[in-house]
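Please load the model in the viewer and keep the sequence panel open alongside it.

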Amino acid sequence: GSLEVGPHAAAESSEGAGVRCGSEGAGGGRWSGIARRDAYTGWLSGVKWWAAERDTACVGRELQDLTTTYPDSGAGYSLLAAFYANQNEFDNAFAVIDRRLHARPNELSTLFALGRTASLSGEQLDRGERALKAYIAGPPPENAPSPANAHYRLGTIYEKKGAKALAREEYRAALLLNPKLRDAQKSLAAL
């Protein structure tokens, strides 16, 4: 995955937690064993399953509930922002990011989410640039996007700003870190 889904800061609880969308449908039991051991991880497993089933309504509801149930976990916010960005609901993605940054202004996974959303939407490019530079400068969080991915996203921001030389530099930096990053390969070749 490209977003942080690692350890969470919230206390684990099985009461009221878990993916309700999948509890009655096919495949609902696939993560029930995980949920008994760790409700948070079980919840994420269920969300991933419903995402694979392309049930976007369920995924959106569950990710919103995840941020409410586990407000100390950056993963839920990053995943919800990515979900909205992938649906081209950029205003919603930025709102989730802003809510999280208000509580945790220097959280690297959320800064990456801001940069990613800016790179996809073409909006708030200056904020996205600053966020990705901060992400690249910090130690990457566990289970978070690679620095190569951050350089690629920064390149897309520079490209959208018309700074092709800077975009080339970032795409090359991405490829130095991960020579197999196809999006960076394609973007560099297109410049």
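What percentage of the 191 residues in the protein chain is buried? Buried residues make up 49% of them, where buried means under 20% relative accessible area, exposed over 50%, and partly exposed in between (1.4 Å probe, protein chains only).

The model is predicted: local features need pLDDT of at least 70, side-chain atom pairs count only at pLDDT 80 or more, and totals for chains, interfaces and linings use all residues. Residues are numbered from 1 along each chain as its sequence is written, and side-chain values use heavy atoms, with hydrogens and water left out.

**The whole chain**

Display the protein chain as a cartoon. Its secondary structure comprises 10 helices and zero strands, helices (H or I, at least four residues) and strands (E, at least two) being DSSP runs numbered from the N terminus. Along the sequence the pattern reads α-α-α-α-α-α-α-α-α-α. A contact means heavy atoms within 4.5 Å. Among contacts between residues at least 6 apart in sequence, 55% join residues at least 24 apart.

**Helices α5 and α6**

Select residues 90–103, helix α5, together with residues 108–121, helix α6. Their axes come within 10 Å and cross at roughly 160 degrees; axes are lines fitted to C-alpha atoms, for helices over the stretch in contact, and angles run from 0 to 180 degrees between N-to-C directions. The angle therefore makes α5 roughly antiparallel to α6, given that angles under 35 degrees count as roughly parallel, over 145 as roughly antiparallel, 65 to 115 as roughly perpendicular and the rest as oblique. The crossing of α5 and α6 is left-handed, that is, the near helix is turned anticlockwise from the far one by less than a right angle (clockwise for right-handed).

Now show side chains. On α5, the contact is made by F90, A93, F94, I97, R100 and L101; on α6, by T110, L111, A113, L114, T117, A118, L120 and S121. By class, the contact has 10 nonpolar, three polar and one charged residues. Here Ala, Val, Leu, Ile, Met, Phe, Trp, Tyr, Cys and Pro count as nonpolar, Asp, Glu, Lys and Arg as charged, and the others, Gly among them, as polar.

**S119**

Remain on α6 and select S119, which lies in this helix. S119 is buried, with a relative accessible area of 3%. Its side chain reaches the backbone oxygen of R116 at 2.8 Å. A polar contact of 3.4 Å joins the side chains of S119 and R153; such a contact is a pair of N or O atoms within 3.5 Å, and within protein one must be able to donate a hydrogen and the other to accept it, with residues adjacent in sequence counting only if both atoms are side-chain atoms. Not counting residues up to four places away in sequence, S119 touches R153, T156, I157 and K160.

**Two loop asparagines**

Move to N88, in the loop between α4 (74–86) and α5. N88 has a positive phi of about 60 degrees although it is not a glycine, and it counts as exposed at 57% relative accessibility. Next select N143, in the loop between α7 (125–137) and α8 (147–160). Phi of N143 is likewise positive, near 60 degrees, while N143 is partly exposed, with a relative accessible area of 40%.

**Helices α9 and α10**

Finish with residues 164–177, helix α9, and residues 182–190, helix α10. These helices pack at an angle of about 145 degrees, with their axes 9 Å apart, and their crossing is left-handed. R168, Y171, R172, A174 and L175 in α9 meet A184, Q185, S187 and L188 in α10. The residues of this contact divide into five nonpolar, two polar and two charged.
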